[in-house]
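Please open the model in a viewer and keep the selection tool at hand.

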Amino acid sequence: MTKSTTSSDLIERLRESRGRSARDIAATVHRLIISGDLAPGTRLPTVRAIAVVLGVSAATVSEAWGLLRRGGLLDSRRRNGTFVRGPVPLSLGVLDLSRPAPDSRLLPSIVAALTSGAHELEHADHGGVSPVLVRAVEPELPFPAEAWLVADGLAAAIRCGVRAFAGPGETIAVAAPLAPHLLDALRGSGAHLVQVECDGDGPRLEGLRRVLERKPKALVLPTSTYLACGHSCTAQRAQELAAELAGTGVGVLEVDELGPLSPRTPSLGRWLPERVLLARSYDGAFGPSLRVCVVVGGAAPVDRIRSRFAADPIGPSPILQNAVAHLIVDPVARQAVDLAREHYDHRREALGRALVGRALTTDHRAGLGVWVRVSDSAAVKAALDRRGVVVIPDDRCYPESSPGTHIGMVAGCLPDDHRTADAVADLVAAANARR
C-alpha cells in the first residue's frame, strides 16, 4: 500500500487482518497511519461500508474510530466524513520517563513544617519514633499497629523490613513485576529473591502456592508505587492471599511508596497483623529531602529489626519526623497533596488514553506510571532511546526471568498538556510497529 491509498485498498487490508474486534480494527488502521501508508488528510471509508465488508456491527467500527480519535489520529468532520490526522508533531528533546521522582512544582512548602518540627519535640520511644509522628500517622493506617519504627527513606525501610524475616541468602518471594528501584533495594538486603507473577487483581494464588514450595521467609507486596507494573491487589485477592499464608509462618512486607498520594488500599495486616510489616514513605507527597518512612506492624518482626540494628540507628531526626507529621495534618499541605494527586492522575490517564488510542494495551489504573504491552521490550526501548525518550524495559522489573513484552513509563513529571502524551504515544507505537 502506498501513501495514495484508496478506500478499496484500506478495506482490503482490513479484510486481510485477522481480528474483528474494535481494538483489532483500530490496531490495523493505526499501523497504516504510523507507517505512512495512510497519509494525513486521507478520507476513510464510511463506517457502514467497513462494517458490511468485515461482517461486524457499525457500533464496532465506530468504537474503533473512537479509539483512534482519542489518540489524536482521526478527525471526524460531521457529514464530510472521517479523515486521518496523523501523529502530533512535537519536539520532545530528552524525556526521562524512568525516574521515580515527584514533580517538585507540586510539593507543599516545608518551611512551616520544619519550624513546627523543631518546636514540638517530645521524648521518642526506644524505637526512635516521635510521638508527634505516631499521632499523625495512626488514624490513616489500614490495620492496628503493634509496634513502630521509622527509617531514613524507603530503601532503608525495605532492607530492614526484609531482615525482620530473612537473613542473608534466605529466600523471599516478590510480587512481580516490580519497579526497578524497589527491586534494587530488595537485592541490597542480601536475600535470595524469587518471583510471584501477578494478574489484574494482584499476586496469582497458583503462583504463590508454587513459590511456597521453595520455603520463602516472606512475601514482599507493593501496595502503591510510582510504576504500577500491571497489577494492584484487590480486597478479595488480599483476603485470599492471607488465607494461603495463614498456616505457613511466612511474613509479609507491604510497600506503600506513595503514601498520602495513593488511595487507601487493602492490607494483609487486617488478617495477619502479627506477621505483617507496612513500610509507608512520605517522600512522594512531601519531597525526598525529608526522607521519612514509617514501618509499622507486628511486635515480633519490629523487635527483630530493633535487635539487628541496635548499634546502627536507621531513623531520621525527630525534627524531620515532626515536620512530616505537621504536613500530614496541616490543611494547607493536605490541599497541596490533593491537588498534586489530581495532576498525577490526569497525566497518567492522558498517557494511558493516548497509548490505547494507538491500539496499545496498557495498565494505567494506579500509581504515577503506565505499563504498556509491546512486541519486544528491548527493541522498543532501543528505538525510543534513539529518539531521546527513556523508558523501563520489563527485564529490570523481575528478580528472575521476564517475558520481554512490556515497558514502563512514569508519567508524574509530564506536562499537563496532552500534546506531550500524544507525542510519546506516537513514538512508542511507531517503535512497536517497526518491530
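Select helices α7 (154-163) and α8 (residues 180-187). Leu154, Ala155, Ile158, Arg159 and Val162 of α7 are in contact with Leu182, Ala185 and Leu186 of α8, where contact means heavy atoms within 4.5 Å. Helices here are DSSP runs of H or I with at least four residues, strands are runs of E with at least two, and both are numbered from the N terminus. The model is a predicted one, in which local features need pLDDT of at least 70 and side-chain atom pairs count only at pLDDT 80 or more, while totals for chains, interfaces and linings use all residues. Residues are numbered from 1 along each chain as its sequence is written, and side-chain values use heavy atoms, with hydrogens and water left out.

Now turn the view to compare the two helix axes. The axes of α7 and α8 are 8 Å apart, and the helices pack at an angle of about 45°. Axes are lines fitted to C-alpha atoms, for helices over the stretch in contact, and the angles run from 0 to 180 degrees between N-to-C directions. Angles under 35 degrees count as roughly parallel, over 145 as roughly antiparallel, 65 to 115 as roughly perpendicular, and the rest as oblique. The helices α7 and α8 are therefore oblique to each other. The crossing of α7 past α8 is right-handed, a term used if the near helix is turned clockwise from the far one by less than a right angle, with anticlockwise giving left-handed.

Next, select the open sheet of eight strands. What is the order of its strands? The order is β4-β11-β10-β9-β8-β5-β6-β7, and the pairing is mixed. Two strands pair if DSSP finds at least two bridges between them. Strands β4 and β7 (202-203) stand at the edges with a single partner strand each, so one side of each has no neighbour in the sheet. Strands of a sheet pair through backbone hydrogen bonds, either parallel or antiparallel.

Within this sheet, select β10 (276-281). Is β10 largely enclosed or left open? Six of its six residues are buried, so β10 is largely enclosed by the rest of the structure. Buried means under 20% relative accessible area, exposed means over 50%, and partly exposed lies in between (1.4 Å probe, protein chains only). Val276, Leu278 and Arg280 lie on one side of β10, with Leu277, Ala279 and Ser281 on the other.

Strand β9 (residues 251-256) runs parallel to β10 and is joined to it by five bridges; Glu254 stands opposite Leu278. Strand β11 runs antiparallel to β10, again with five bridges, and Gly297 in β11 is the bridge partner of Leu277.

Follow the loop between β9 and β10 to Thr265. Thr265 is partly exposed, with a relative accessible area of 29%. Its contacts, not counting residues up to four places away in sequence, are Pro142 and Thr223. Ala235 is 30 residues from Thr265 in sequence, yet their C-alpha atoms are 7.8 Å apart.

Helix α9 (residues 205-212) lies across β5 (171-176), β6 (192-199) and β7, and runs at about 160° to β6. In helix α12 (residues 299-308), the buried residues are Pro301, Val302, Ile305 and Arg306. Seen down the axis of α12, these residues fall within an arc of 145°, so they line one face of the helix; the arc is that of the directions from the helix axis to the C-beta atoms. Their cover includes β4, α7, β10 and β11.

Move on to helix α5 (residues 111-119), where Ala113, Ser116 and Gly117 are buried. Down the axis of α5, its buried residues span an arc of 105°, so they line one face. The face turned away from this side carries the exposed residues Val111 and His119. The buried residues of α5 pack against α13 (318-329).

The contact is made by Leu327, Ile328 and Val329 of α13 and by Pro331, Ala333 and Arg334 of α14.
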